Every structure is written in structure tokens, then in C-alpha cells.
Amino acid sequence: MANPATFFSATMPEADEKFVVACRARGVEPEFIVHPQKDPQGHPLHTGIGYWGPKDASNVVVLISATHGIEGYAGAGVQTGVLHTLSESELPESTALLMVHMINPWGCAWDHRENEENIDIWRNILYCDPPFRANPEYAVINDALNPPLWEGPVRDAAEKRLREYEASHGAGSVVGVARRGQHEFPKGVTYHGHGPSWSKHTMDRIVATYLGAAQRIVTYDLHTGYGEYGTGVAVSFEPGRTEVDTRLERCFGPELFRVGGDPILPSHPGCAYDYIRRLRPGADVISFAVEYGTTDVTANFDLMRQANWLFNYGDPNSPSGQAIRREYRAMFYPEHDDWKERVWVFGRDVLLKALNGLLPRKQS
Ligand SMILES: [Zn+2]
């Protein structure tokens with residue numbers, strides 16, 4: 001088998017090319033939905049779609065990369081590897097894989113988690129419809145969290161204000177407030193947007209085109225930035241021990257990770273891609289994510305704020321802007337072969353578990 005590190009890419013054009021080659025090696029002709037903006041070198045951007053399996057499959061497992069932009073190189077590597085190496089016999093009866101390659105291509109190309117409107121796509125998919133959830137504490141610290149200048153007295157005052165807030169509200173309170181997210185401050189961290197983003201519309205279109213016949217839909221969304229270097233976890237976003245959570249635990253075992261216990265990963269009413277249930281009300285839809293550890297993102301929360309500052313107030317193409325982007329990119333995509341190999345091995349293992357544990361057993 002090819003060295004797994006070769007499934008992964010360093011640029012968007014390279015990732016797109018590897019995706020096309022991998023699709024065609026499977027006899028799959030990928031579709032591309034063009035994004036309105038370009039990458040930093042002026043190349044076009046798009047989301048790729050590859051559907052492998054029977055056209056009228058009852059079961060479809062949807063692998064999604066780049067919900068959080070720059071995290072997409074890891075997910076795209078797993079998608080490419082699956083297309084190259086999974087054997088047809090590993091798919092249960094009447095089952096297809098749907099690859100959604102780079103759902104937030106702008107973010108990946110620009111080394112950013114958010115999209116061209118500073119919107120966190122996972123949050124946008126979950127929270128794009130009114131009524132928008134309020135986060136009054138965010139308004140209290142917005143100026144300090146997201147200062148318009150990253151140096152000098154303005155920044156110094158912002159840091160002092162955050163230290164004071166943390167002292168009176170407890171350790172982790174600033175990260176907690178920031179990560180609960182908000183709809184009010186378009187230039188602030190963890191912005192949910194005001195209505196559906198390009199990526200949400202694109203996902204709607206993919207569901208309408210490719211998931212019309214599916215009775216069971218599993219969404220498998222690939223993320224990076226949480227946990228120990230190279231270590232993967234399957235993640236449940238269920239609000240407690242629901243029936244879906246029980247199914248996920250039965251499939252992935254006691255290692256299943258549940259959000260809500262850490263300020264960096266707050267609780268939500270469910271997984272973003274569960275919204276597909278509203279588009280396909282007759283289908284059984286179950287969703288989970290995988291998180292891969294890189295570096296300690298909680299400790300690097302200031303770098304997330306700095307990247308947010310860069311894209312809202314700075315110049316991402318300036319030499320200092322490019323240096324911040326490189327550092328930020330490394331936080332979500334450590335480009336070492338050992339890391340890529342571990343991402344691939346765990347990503348494939350999770351897919352096989354999902355195929356065997358979340359779908360009906362193959363009939364013999
Ligand atoms: Zn993510």
C-alpha cells in the first residue's frame with residue numbers, strides 16, 4: 001500500500017488533484033461546486049463531491065472535510081485514502097460513500113477556520129435560523145476579546161480586562177464565553193453568522209442531489225485541534241444520554257468523547273449535520289465527528305484571537321500576516337508524516353466501525 005502520508009496535501013490545488021485522481025481510480029466522476037472567491041494565489045475554489053456506490057443505495061455514509069477550513073487537509077487526506085484503499089467488500093449491502101471534499105474551501109485555502117465572512121461553519125449550520133441564541137456575557141468582553149489593534153496600549157488594555165474578567169468569573173471563563181459563540185459581532189471570534197452561509201447552501205444542494213433515495217444517512221465530519229498530538233477521538237454532540245448517543249457508544253465503545261466538559265468544546269443541542277433530518281424527514285440520520293489532537297489549542301487560545309484579528313483588521317497577505325497564518329495552520333495541521341499516518345489509521349478505523357456499527361448488518 002502507498003505510504004499514507006501521500007494521501008495528504010500541502011495546498012488546495014494539490015488536495016483537489018489528489019481527490020480527483022482518487023475518485024477516478026474508483027470509477028467515480030467528481031462534481032465541483034464553485035465558490036465565489038479565490039485562493040491567495042488566485043486559483044478558483046470549490047467543494048468537491050464524490051459518490052461511490054449504488055445510485056439508489058439505502059445507506060449513505062457522508063464523509064465531510066473542512067467544515068473548519070484549515071482542518072480540511074486532514075479530512076481530505078482520509079477521504080483520498082479511503083477512495084484508494086477501501087475494498088468494495090468492506091461496504092455493507094446497498095451502501096454508498098459520499099465524499100464532501102472541502103465544504104469550506106475558502107477557510108482551508110487561507111489557513112483559517114472560519115469562512116470569508118468570519119463565520120464558523122459548524123455553528124452556522126446549527127444556528128443559522130432565527131431566533132438567534134443570545135450570549136450576553138460575550139457582549140461584556142467583546143471589545144477585550146477582539147481588539148482592533150494587536151499591539152500597543154489598545155491590546156494591553158484588552159489583556160488587562162480579560163485577566164480581570166477571569167479573576168472575577170473563574171478560570172476558563174473567558175474561553176467558555178468566547179466558545180459559546182455569538183451572532184452579534186461579525187468581527188468577533190466564534191461568529192455564527194446571520195443566516196445560511198455559502199457552505200450551508202452548498203450542503204443543502206448536496207443533500208438534495210445525492211441523498212434523495214437514502215433511508216439511512218450517517219455523517220462523519222473530520223476535525224482537528226483537540227486532544228493529544230496524533231490521537232483521534234469519535235465525538236458525540238448529543239445533549240445527554242439520548243438514544244443516538246447510545247447507538248454511538250455501542251459503535252465506538254467507551255472511548256466515545258462527549259462535548260460539554262471542556263470550555264473549548266461547549267455543549268450543543270446536537271450535531272450540526274443533524275439538520276439533514278429536516279431535509280429528509282423520513283430517513284434515519286445519525287451524525288458524529290472525529291477530532292484529532294495537534295497541539296494544545298486551549299493554551300493557544302490567544303493565537304485563535306490573533307488569527308481572528310488578522311482576518312478582520314490586519315492584512316493576511318503581508319509578511320507578518322503570512323507568519324501568523326503559518327503558525328495558525330500548524331496548530332490545526334501538523335505536517336509530519338507520523339501525524340498523517342496516525343490520522344489515516346484512525347480515520348479509516350472509525351469509518352469501518354461506522355459501516356459495521358451504525359448500519360444494518362450485511363445479509364449473507
Ligand atoms: Zn473543527
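The model is a predicted one.

**Helix pairs**

Two packed helices are described by the angle between their axes and the distance between those axes.

| Helix pair | Angle between axes | Axis distance |
|---|---|---|
| α1 (residues 12-25) and α2 (residues 72-85) | about 20° | 8 Å |
| α5 and α6 (residues 152-169) | about 145° | 8 Å |
| α6 and α7 (residues 173-180) | roughly 100° | within 8 Å |

Start with α1 and α2. Their axes meet at an angle of about 20°. Angles under 35 degrees count as roughly parallel, so α1 and α2 are roughly parallel to each other. The crossing of α1 past α2 is left-handed. From α1, the contact uses Met 12, Ala 15, Lys 18, Phe 19, Val 21, Ala 22, Cys 23 and Ala 25. From α2 come Tyr 73, Thr 80, Leu 83 and His 84. By type, the residues of this contact are 9 nonpolar, 2 polar and 1 charged.

Next come α5 and α6. They pack at an angle of about 145°. On the α5 side, the contact residues are Glu 137, Val 140, Ile 141, Ala 144 and Leu 145. They meet Ala 158, Arg 161, Leu 162, Tyr 165 and His 169 in α6. This contact has 7 nonpolar, 1 polar and 2 charged residues.

Helix α6 also packs with α7. Here the axes cross at roughly 100°. Angles of 65 to 115 degrees count as roughly perpendicular, so α6 is roughly perpendicular to α7. In α6, the residues in contact are Leu 162, Tyr 165, Glu 166 and His 169. In α7, they are Ser 173, Val 174 and Val 177. The contact divides into 4 nonpolar, 2 polar and 1 charged.

**Helix α8**

Helix α8 covers residues 198-210, which is 13 residues. From its first C-alpha to its last, α8 reaches 18 Å. That is close to the 18 Å expected at 1.5 Å a residue. Which residues of α8 are buried? They are Trp 198, Ser 199, Lys 200, Thr 202, Met 203, Ile 206 and Val 207. An α-helix has 3.6 residues a turn, so residues three or four places apart point the same way.

Most residues other than glycine have a negative phi, and most peptide bonds are trans.

Ala 66 has a positive phi, near 70°. Ala 66 sits in the loop between β3 (59-64) and α2. Is Ala 66 buried or exposed? Its relative accessibility is 0%, so Ala 66 counts as buried.

Ser 94 also has a positive phi, of about 50°. Its loop runs between α2 and β4 (95-101). With a relative accessible area of 30%, Ser 94 is partly exposed.

Pro 130 and Pro 131 are joined by a cis bond, with omega about 5°. Pro 131 is in the loop between α4 (121-127) and α5 (136-145).

**Glu 90**

Glu 90 lies in the loop between α2 and β4. At 25% relative accessibility, Glu 90 is partly exposed. What does Glu 90 contact, leaving aside its neighbours within four places in sequence? The contacts are Thr 85, Arg 348, Leu 352 and Leu 355. Trp 106 is 16 residues from Glu 90 along the chain, and their C-alpha atoms are 33 Å apart.

Technical notes. Residues numbered from 1 in each chain as written. Predicted model: local features only at pLDDT ≥ 70, side-chain atom pairs only at ≥ 80, totals over all residues. Heavy atoms only, no water. Helix = DSSP H or I, 4+ residues; strand = E, 2+ residues; numbered from the N terminus. Expected span 1.5 Å × (residues − 1). Buried < 20%, exposed > 50% of the residue type's maximum accessible area, 1.4 Å probe, protein only. Axes fitted to C-alpha atoms, helices over the stretch in contact; angles between N-to-C directions. Parallel < 35°, antiparallel > 145°, perpendicular 65-115°, else oblique. Left-handed = near helix turned anticlockwise from the far one by under 90°. Contact = heavy atoms within 4.5 Å. Nonpolar A, V, L, I, M, F, W, Y, C, P; charged D, E, K, R; others polar.
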